[in-house]
Amino acid sequence: MEVKEKLWTKKFITACITYFLVAASFNVLMPTIPIYLSQVMKVPQSKIGIVLSSYVIALLFFRPFSGFLVDIYNRKHLLIIGLVFFATSFIGYYFALTIMFFILVRFIHGISWGLASVANNTVPIDIIPATRRAEGVGYFGVTSNIAMAIAPYLGVFVYDNYGFNILVSVALALAVLSVVM
């Protein structure tokens, strides 16, 4: 009988929790930003898409460079740098009082997500045993799916009951916890 290498190690569990937390911090804002822009900042609906897409544009430009950086530098160090940059980016939302500043914050946040997400996705490859890599990557990916399922609900609940600044604080706290992990 063949003995399987251990998948659920402390490092793997830590990587899964980190990925869950960073994905939750990302997804907690997603359903509420358009509402906030429309209702509070009075951004015309025709311009909300521009504000939201600034994040994706930054992500598209920076992700290929993130992959290059992760290939030539220490993945764990880049992950920590990316997570710190990602967490710090949330602070900009407290000061985003104009549409242009909100676009800038979203753009910077997109850059930080580009580095954090690429680095986060490569770290498990180094810690999952080769014989269980497909299984490990599957479980690792599920942590992001769980965050995608839970975080938007949490975001809407917090936004409806406590407002946008408290929601940003929740997202920031989740991101800081991902750095700690």
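The legends below describe close-up views of a predicted model.

**View 1**
F85 belongs to helix α4, which covers residues 75-89. With a relative accessibility of 34%, F85 counts as partly exposed. Patch members need over 30% relative accessible area, so F85 at 34% passes that cut-off.

S89 lies in helix α4. Which residues does S89 contact, beyond its neighbours within four places in sequence? The partners are V105, I108, H109 and S112.

**View 1. The largest pocket is lined by 17 residues.**
The volume of the largest pocket is about 350 Å³. Nearest its centre lie K11, T14, K76, L79 and V123. Four helices each supply at least two residues of the lining: α1 (10-27), α4, α6 and α8 (164-180). Which helix has the largest share of the lining? Helix α4 does, with five residues.

**View 2. A147 is buried in helix α7.**
Helix α7 spans residues 133-162 and includes A147. The relative accessibility of A147 is 0%, so this residue counts as buried. Leaving out residues up to four places away in sequence, A147 touches F20, A23, A24, N27 and P152. N27 is 120 residues from A147 along the chain. Even so, the C-alpha atoms of A147 and N27 are separated by 7.2 Å.

**View 3. K42 has a positive phi in a loop.**
The loop runs between α2 (33-39) and α3 (45-72), and K42 is found there. Phi of K42 is near 55 degrees. That is a positive value in a residue other than glycine. Is K42 buried or exposed? K42 is exposed, with a relative accessible area of 63%.

**View 4. D71, R75 and D126 are linked in a network of salt bridges.**
R75 pairs with D71, and the closest N and O atoms are 3.9 Å apart. The salt-bridge cut-off is 4 Å, so the pair at 3.9 Å is counted. R75 also pairs with D126, where the closest N and O atoms are 3.1 Å apart. D126 lies in helix α6 and R75 in helix α4, so this pair ties together parts that are 51 residues apart in sequence. D71 is exposed, with a relative accessible area of 59%. R75 is partly exposed, at 23% relative accessibility.

**View 5. E135 and R132 meet in a salt bridge.**
How many salt bridges does the model hold? The count comes to three. The pair shown here is E135 with R132, at 2.9 Å from N to O. The two partners fall in separate accessibility classes. E135 is partly exposed, at 29% relative accessibility. R132 is buried, with a relative accessible area of 13%. Buried means under 20%, so R132 is on one side of that limit and E135 is on the other.

**View 6. L115 is buried in helix α6.**
L115 has its place in helix α6. The relative accessible area of L115 is 6%, so the residue counts as buried. Neighbours within four places in sequence are left aside in this view. The contacts of L115 are then F62, S66, L78, I81 and G82. V176 is 61 residues from L115 in sequence. In space, L115 and V176 are 16 Å apart, C-alpha to C-alpha.

Conventions
Residues numbered from 1 in each chain as written. Predicted model: local features only at pLDDT ≥ 70, side-chain atom pairs only at ≥ 80, totals over all residues. Heavy atoms only, no water. Buried < 20%, exposed > 50% of the residue type's maximum accessible area, 1.4 Å probe, protein only. Contact = heavy atoms within 4.5 Å. 1 Å grid on protein atoms, 1.4 Å probe; cavity = no way out; pocket = protein on both sides within 12 Å on 5 of 7 lines; lining within 4 Å. Points joined across faces, edges and corners; volume = space filled by probe spheres on them. Salt bridge = Lys/Arg side-chain N within 4 Å of Asp/Glu carboxyl O.
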